[in-house]
Amino acid sequence: DNTNGLAMCRVLLAELEAHQDAWPFLTPVNHKAVPGYRKVIKKPMDFSTIREKLANNQYLNLETFIIDVNLVFDNCEKFNEDDSEIGRAGHNMRRFFDERWTELL
Ligand SMILES: Cc1ncccc1N[C@H]1CCCS(=O)(=O)C1
């Protein structure tokens, strides 16, 4: 059953949102303010959208949740230079997430 899987999603999402480097990922990227973003990034994702999907029971289990979290970081790598404020934040957040969810297994 995926009961504990969804409890882990809630814990993990709260920790992602609380991280000091979460600021680029808390809300959807404003494609009107970020030229090229809508064209380049085919599947936008952010922590507030993940929270909404979790509240609407749209994640079957931990695996489907992890796919969306990784989409946030993959989009960040695609659009941002590694040596940039947002690029570094993305790498830091991916490392934090990977270390954390593997601990919870
Ligand atoms: C994750 C990302 N990739 C590319 C461009 C921008 C962003 N994030 C923005 C989200 C809103 C606040 S901000 O505009 O400072 C940063």
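The legends below describe close-up views of a predicted model. Local features need pLDDT of at least 70, side-chain atom pairs count only at pLDDT 80 or more, and totals for chains, interfaces and linings use all residues. Residues are numbered from 1 along each chain as its sequence is written, and side-chain values use heavy atoms, with hydrogens and water left out.

**View 1**
The ligand is surrounded by W23, P24, F25, V29, V34, Y37, F79, N80 and I86; a residue belongs here if one of its heavy atoms lies within 4 Å of the ligand. This shell divides into eight nonpolar residues, one polar and no charged. Ala, Val, Leu, Ile, Met, Phe, Trp, Tyr, Cys and Pro count as nonpolar, Asp, Glu, Lys and Arg as charged, and the others, Gly among them, as polar. The ligand sits in the largest pocket. A pocket is an open set of points on a 1 Å grid over the protein atoms alone, where a 1.4 Å probe fits and protein lies on both sides within 12 Å along at least five of seven lines. A molecule sits in a pocket if more than half of its atoms lie within 2 Å of the pocket's grid points.

P24 has a backbone N or O atom 3.1 Å from a nitrogen atom of the ligand. From N80, an N or O atom of the side chain lies 3.2 Å from a nitrogen atom of the ligand. Of the 400 Å² of accessible area that the ligand has on its own, the protein covers 71%. Accessible areas come from the Shrake-Rupley method with a 1.4 Å probe; for residues, only the protein chains shown count as cover.

**View 1. R94 in helix α5.**
R94 is in helix α5, residues 85–104. Helices are DSSP runs (H or I, at least four residues), numbered from the N terminus. R94 counts as buried because its relative accessible area is 17%; buried means under 20%, exposed over 50% and partly exposed in between. A polar atom of the R94 side chain lies 3.4 Å from the backbone oxygen of F73.

**View 2. N57 in a loop.**
N57 is in the loop between α3 (47–55) and α4 (62–79). With a relative accessible area of 59%, N57 is exposed. Its phi is positive, about 60°, although N57 is not a glycine. N57 and R38 are 19 residues apart in sequence, and their C-alpha atoms are 27 Å apart in space.

**View 3. L6 and L12 in helix α1.**
L6 lies in helix α1, residues 3–18, and L12 lies in helix α1 too. L6 is buried, at 13% relative accessible area, and L12 is buried at 1%. L6 and L62 are 56 residues apart in sequence, with 6.3 Å between their C-alpha atoms.

**View 4. F65 in helix α4.**
F65 is in helix α4. F65 is buried, since its relative accessible area is 0%. The C-alpha atoms of F65 and E85 are separated by 26 Å, and the two residues are 20 residues apart along the chain.

Terms used
A polar contact is a pair of N or O atoms within 3.5 Å; within protein, one must be able to donate a hydrogen and the other to accept it, and residues adjacent in sequence count only if both atoms are side-chain atoms. On a 1 Å grid over the protein atoms alone, a cavity is a set of points where a 1.4 Å probe fits but cannot get out, and a pocket is an open set with protein on both sides within 12 Å along at least five of seven lines; lining residues have an atom within 4 Å of a point. Helices (H or I, at least four residues) and strands (E, at least two) are DSSP runs, numbered from the N terminus. Buried means under 20% relative accessible area, exposed over 50%, partly exposed in between (1.4 Å probe, protein chains only).
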